[in-house]
Amino acid sequence: MIVKERTIPLKLEVYDALMRRITLKHPKRNIIQEEISKIKAGFKGEKAIDYYLQFLPQDNYYIFHDLRLKLYDFYFQIDTLIVTPSFLLILEIKNIAGTLHFEPMYHQLIRKMNEKEEGFPDPLSQVRRHEQQLREWLISHKIPSIPIESLIIISFPSTIIHPPKYMTKLHQKICHAQHSIEKIEEISLLYRKSILSKKDINKMKRLLLKHHTPLINIPPCPFGIQKSDILHGVQCPYCQHIPMYRKHGGWVCQHCQSSTKDAHHKAVDDYFLLIDHELTNQKLCKFLLIQSSDTATRLLISMGLPYNGSNKGRIYYRKAVFR
């Protein structure tokens, strides 16, 4: 049973918005596009494992995707956590092509592809750290002690895996996505005794959802891009021209002459992603290139955005912040 769905990475939303809001000739476009491709590949890899997890029994396996929990003064993030009555399982998902050599002695992962070698942080060390962090988090919330296991899932099906030499336990932690269910079943055979009651599991579900703290913003204008580089105005959803102009309660494109009622929704989201996490009537007028503060107020109210304050002092926030 999926308790918490997987969500689109915030960085991907920000970088996509950035591509919409800089000129076609901007010198950073290629760099941003490369980063978008990397994030999309990683997200695709994470989604790939979801297909196989649907074959787990629905009544004993509770799945949480993209968990971000606070421990003391810092946060740790888990790609996927599976809760069962007998054990917990952390899945660390890697979407890396080529040939992978795991070198735990030196705490690194080496990828060989196209006659080149590239080093990555050691995922074996990463999952061990997450196991310890989760164990401490559970203790702090008075959850009964329960075994915690982990798997490193390689989602790219053609990747060749060279596991660590002479380390059979670590070897067992690595597999391709298509073999993940077999691995999970092997682990379940090791832990037949139920430790968590139905009440304990329900408590853990509530706690994980309550204490999940999504990343709500990243520093505005990444890649060293200046705010002055960000194009203002409503973007046409048909030809991507910026700006559209306001006419008779809607938006009209000067380039393709198409019209729409709600193109400002995407523009407002771009503002939150790229400019600031707080929005006022005056700031909306400036960003959407509209003259009327009354029009800005109507647009903000119609979008149903969360807000604090009243009248001219009202501050609006992105809906995603409150999910």
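This report covers backbone features, nonpolar cores, salt bridges and aromatic contacts in one predicted model.

## Basis of the model

The model is predicted; local features need pLDDT of at least 70, side-chain atom pairs count only at pLDDT 80 or more, and totals for chains, interfaces and linings use all residues. Residues are numbered from 1 along each chain as its sequence is written, and side-chain values use heavy atoms, with hydrogens and water left out.

Helices (H or I, at least four residues) and strands (E, at least two) are DSSP runs, numbered from the N terminus. Buried means under 20% relative accessible area, exposed means over 50%, and partly exposed lies in between (1.4 Å probe, protein chains only).

## Backbone features

I242 and P243 are joined by a cis peptide bond, with omega about 5°. P243 sits in the loop between α6 (198–211) and β11 (244–247).

Two non-glycine residues with positive phi deserve a look. D66 has phi near 55°. D66 belongs to strand β2 (residues 62–71). Its relative accessibility is 12%, so D66 counts as buried. F223 is not a glycine either, and its phi is positive at about 65°. F223 is in the loop between α6 and β11. F223 is partly exposed, because its relative accessible area is 21%.

## Nonpolar cores

In soluble globular proteins, nonpolar side chains tend to be buried together. A nonpolar core here is a set of buried Ala, Val, Leu, Ile, Met, Phe, Trp, Tyr and Cys residues joined through side-chain atoms within 4.5 Å.

The largest nonpolar core has 39 residues. Which of them touch the most other members? They are I32, I230, W251, L274, L279, L284 and L288. At least two residues of this core come from each of α1 (10–21), α2 (29–53), β12 (250–253), α7 (264–274), α8 (281–288) and α9 (293–303). Helix α1 gives the most to this core, with 7 residues. Another core lies apart from it, with 22 residues, among them F64, F76, I201 and M204.

## Salt bridges

Side chains of opposite charge can pair when their charged atoms come close. The criterion for a salt bridge is a side-chain nitrogen of Lys or Arg within 4 Å of a carboxyl oxygen of Asp or Glu. The whole structure has 13 salt bridges.

R6 pairs with D50, and their closest N and O atoms are 2.8 Å apart. R21 is in helix α1 and D270 in helix α7, so distant parts of the chain, 249 residues apart, are linked. R21 and D270 are both buried.

E35 and K38 form a salt bridge at 3.6 Å, N to O. Both lie in helix α2, 3 residues apart, about one turn of the helix. E35 is partly exposed at 26% relative accessibility, whereas K38 is exposed at 55%. Shared partners also join R6, E46, D50 and D66 into one salt-bridge network.

## Aromatic pairs

A pair of aromatic rings is described by the distance of the centres and the angle of the planes. Rings of Phe, Tyr and Trp (its six-membered ring) pair if their centres lie within 6.5 Å; planes under 30 degrees apart count as stacked, over 60 as edge-to-face and the rest as tilted. The structure holds 8 aromatic pairs.

The ring centres of Y51 and Y52 are 5.1 Å apart and their planes meet at 80°, so this pair is edge-to-face. Y51 is partly exposed at 47% relative accessibility, and Y52 is partly exposed at 23%. Y271 and F272 also form an edge-to-face pair, with 6.0 Å between centres and 75° between planes. Y271 is buried at 5% relative accessible area, and F272 is buried at 9%. Ring pairs link Y51, Y52 and F55 into a cluster.

## Charges over rings

A charge sits over a ring if NZ of Lys or CZ of Arg is within 6 Å of the ring centre and within 35 degrees of the ring normal. R68 lies over the face of Y75, 4.1 Å from the ring centre. The charged end of R314 sits over the ring of Y307, at 3.9 Å from its centre.
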